[in-house]
Amino acid sequence: MTNQERYDAALKRILGAVHFEEIDRVPVVLGGLSAHMLHAGGSLAPMMTDPMYATDCMIKTYEEIGLPDGVQHAGFSSYLLSALWLSKVKHPGIELPADELWQVDEKELMQVEDYKDIIDNGFYNWYNRYLVERLDNLPEKLVSFYQSFGKMIENVSAAGMVPFSPLIFTVPFEYFCGGRTMVKFSRDLYKHLDLVKEACAVALPELQQNLRDTFKGYKPIAIWLGAWRTASEFVGPKFWETLVFPYYKALAETALAEGVIPVFHLDSCWDRDVERFLDMPKGCVFSPDSTTDMFRAKKILDGHMAVMGDVPPALLSLGTPGEVKDYCYRIIDELGPKGVILAQGCDIPANAKIENIQAMIEAATSR
Amino acid sequence: MNEKLIKAFGDLDDDVVMEQIKEMKAAGKETIEILGDLQAGMDVVGKHFEEKEYYLSELIMASEIFKEAIAAAGGISNIAGAESYGTMVLGTVKGDIHDIGKNIVSAIMSCNGFKVIDLGTDVSIEKFVETVKTEKPELVGISCLLTTNFDHMKQTVAAIRAAGSNAKVIIGGGPCNESTVTHVGADALARDAQDGIEVAKELLGVN
Ligand code: B12
């Protein structure tokens with residue numbers, strides 16, 4: 001089989017899974033690149049200067065252990081996290097040792113007055129100033145990453161893997177909670193709810209427009225809609241129903257209207273609100289991190305929304321290939337064959353054993 | 001009992017909480033008495049949490065209000081009276097900035113008869129040792145959410161012991177379990193703040 005044929009078959013399989021069609025087997029689509037960098041490159045630090053480093057390491061690793069059907073991201077730079085969470089990040093090889101994982105350094109960089117600024121001047125007007133002024137001129141650091149983005153997609157595809165969801169978007173709640181810190185933002189929900197609400201409302205149409213504009217340059221198969229601090233576990237129903245759910249729904253609708261699949265990347269526990277995803281449009285993917293009960297979620301969402309996950313990161317670090325395979329077979333046999341994509345929960349952690357990653361791939365390809 | 005204060009705390013209405021404290025202070029009430037009401041308020045919050053009306057963001061909010069309320073009531077050092085079972089030096093381990101759980105522990109243990117000296121996050125080994133030397137606490141509490149920092153916890157415990165302290169060390173935080181306790185040489189594990197109170201009392205041999 002040529003790589004092109006492999007790619008075509010994998011894409012058909014993945015799309016089939018998303019749309020609950022009859023397919024030959026459950027596809028496997030993996031995310032998280034730090035273990036690959038450590039395995040193939042011996043360090044994390046080169047990604048800070050070489051935008052292709054993470055991509056190269058990932059392709060090398062999968063060519064060695066066997067290819068998954070797709071990958072969730074085509075490349076990585078830890079600078080990207082700052083742009084999402086409005087926090088500074090300590091990077092390997094800069095503030096941290098070369099082989100140590102990046103760390104989000106949550107500090108209160110955003111003030112209550114910033115909500116006013118957003119309401120008065122617009123979200124992106126404020127955001128772009130924030131990146132320059134409070135995140136040490138972040139856009140400059142991301143230039144080479146974005147310039148190489150096309151090449152990343154090309155190389156991953158040429159290797160025979162589908163670059164499934166290479167762009168990440170999120171809701172205003174996530175940005176603000178990151179910039180304010182979780183503690184201060186929780187407090188804002190009580191003390192300054194009107195400001196928070198209005199700033200979120202101002203940001204939404206701009207974020208939707210940003211999706212559309214981005215897709216004009218490059219239209220991915222899917223995108224991540226990242227959900228970390230918006231988890232049901234953290235946010236009480238009254239805030240969740242007003243500041244979380246409608247925002248993800250709006251972004252999902254925007255993506256679907258453009259022909260792009262929204263993947264809800266859900267960290268922490270979402271058990272309370274799984275039923276609410278029945279109110280999302282059809283054609284999305286529910287991707288929990290192993291804290292949410294995915295087996296229960298599949299039953300609830302069956303026929304409406306495919307699930308993707310959720311081999312626990314800790315199992316990939318501490319477990320054996322046999323244990324990983326057993327877990328994967330449970331997903332494949334109990335939840336498949338329709339509407340399931342096998343993946344890790346959250347991201348493959350930096351200290352995942354390579355043979356455990358291989359076990360996930362083999363579990364899918366051998367069933 | 002100041003029912004208004006208790007209710008306001010339970011409702012997370014910090015303005016009314018602060019107002020009530022001011023009034024109580026003006027009326028000459030002791031810090032310890034105000035603390036009792038704050039504790040009752042925290043119990044209300046805890047109940048809402050158990051009944052799934054409140055979530056983590058409300059617990060975070062409650063521990064914030066508590067911190068400010070205690071300061072307004074006269075400060076933690078003013079309540080280390082007869083009620084206190086002992087002092088706990090508390091902090092998040094070196095290299096770790098997660099503080100949501102630690103802040104909840106700090107608030108709830110202060111409400112329940114412990115004097116808590118909170119060193120914050122990313123607390124260096126030296127800082128723990130120095131504080132243990134000057135404060136001579138009965139307990140040291142270490143919070144750790146990152147498995148990659150278990151060894152820092154181990155070094156911290158070793159350094160505290162090497163400094164000649166007899167303080168009992170309680171650890172906590174998402175990934176910690178009994179084998180972590182053994183690995184780092186601590187005395188006990190606490191699964192949550194309530195458990196922390198029980199474990200602490202047991203270690204100190206009080207009721
Ligand atoms: C919120 C969060 C963050 C926030 C922290 C905000 C803050 N101000 O604390 C932010 C976004 C900043 C963050 C950053 C990071 N995080 Co984080 N984070 C979490 C998350 C989602 C929740 C943690 C939490 O607050 N839980 C709620 C509290 C109430 O629970 P708790 O802390 O366990 O505390 C309770 C008990 O354990 C106990 N307790 C705790 N300590 C103590 C101490 C004593 C003495 C006692 C008596 C009791 C006690 O009582 C508490 C109250 O009940 C967890 C995932 C999860 N679901 O746990 C990941 C998680 C802990 N984070 C993780 C990671 C990897 C990180 C980062 C390294 C990510 C990155 N690459 O940047 C950075 C770390 C930076 C650093 N140097 O610390 C991983 C850790 C993996 C591992 N096993 O090591 C987790 C598990 C996510 C995951 N699944 O991968 N994170």
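I count a residue as exposed when its relative accessible area is over 50%, and as buried when it is under 20%. Anything in between is partly exposed. The model I am reading is predicted.

**Entry: a salt bridge within chain A**

I looked up A:Glu22 and found that it forms a salt bridge with A:Lys338, with the closest N and O atoms 3.9 Å apart. The pair links distant parts of the chain, 316 residues apart. I place A:Glu22 in the loop between helix H1 (3–18) and strand S1 (29–30) of chain A. A:Lys338 sits in the loop between helix H14 (321–335) and strand S11 (340–344) of chain A.

**Entry: a salt bridge between chains**

I then turned to A:Arg187, which forms a salt bridge with B:Glu64, the closest N and O atoms being 4.0 Å apart. This pair crosses between chains: A:Arg187 is in helix H9 (residues 182–191) of chain A, and B:Glu64 is in helix H4 (residues 56–73) of chain B. I note both A:Arg187 and B:Glu64 as buried.

**Entry: a salt bridge within chain B**

I found B:Asp187 in a salt bridge with B:Arg161, where the closest N and O atoms are 3.3 Å apart. B:Asp187 lies in the loop between helix H8 (178–184) and strand S5 (188–189) of chain B, while B:Arg161 belongs to helix H7 (residues 150–162) of chain B, so the pair ties together parts 26 residues apart in sequence. B:Asp187 is partly exposed because its relative accessibility is 32%. B:Arg161, at 31%, is also partly exposed.

Which residues do shared partners join into one network of salt bridges? I list A:Arg187, A:Lys191, B:Asp14, B:Asp15, B:Glu64, B:Lys67 and B:Glu68.

**Entry: the nonpolar cores**

I went next to the largest nonpolar core, which has 184 residues. Within this core, A:Tyr62, A:Phe164 and A:Phe176 touch the most other members. Helix H11 (residues 237–257) of chain A gives the core its largest share, 11 residues. Chain B takes part too: domain 1 (3–78) and domain 2 (86–204) each supply at least three residues.

I checked what A:Tyr62 is in contact with, leaving aside neighbours within four places in sequence. The contacts are A:Leu30, A:His36, A:Leu67, A:Pro68, A:Val71, A:Met161, A:Ile348, A:Ile357 and A:Ile361. Another core, of 22 residues, lies apart from the largest one; among its members are B:Phe128, B:Ile142, B:Cys144 and B:Val169. As background, I note that nonpolar side chains in soluble globular proteins tend to be buried together.

**Entry: the cobalt atom**

Which protein residue is the donor to the cobalt atom of the ligand? I find a single one, B:His98, through NE2 at 2.3 Å. B:His98 is in the loop between strand S1 (86–92) and helix H5 (100–110) of chain B.

**Entry: a sheet in chain A**

I traced an open sheet of 3 strands in chain A, in the order S1-S2-S5, with parallel pairing. S1 and strand S5 (162–163) are the edge strands, and each pairs on one side only. I count 2 bridges from strand S2 (residues 70–71) to S5(A). In S5(A), A:Val162 is the residue opposite A:Gly70.

Technical notes: Residues numbered from 1 in each chain as written. Chains lettered and ligands numbered in written order. Predicted model: local features only at pLDDT ≥ 70, side-chain atom pairs only at ≥ 80, totals over all residues. Heavy atoms only, no water. Core = buried A, V, L, I, M, F, W, Y, C linked by side-chain atoms within 4.5 Å. Buried < 20%, exposed > 50% of the residue type's maximum accessible area, 1.4 Å probe, protein only. Helix = DSSP H or I, 4+ residues; strand = E, 2+ residues; numbered from the N terminus. Domains from an automatic or database assignment. Contact = heavy atoms within 4.5 Å. Donors = N, O, S within 2.8 Å, 3.2 Å for Na, K, Ca; no water. Salt bridge = Lys/Arg side-chain N within 4 Å of Asp/Glu carboxyl O. Pairing = 2+ DSSP bridges.
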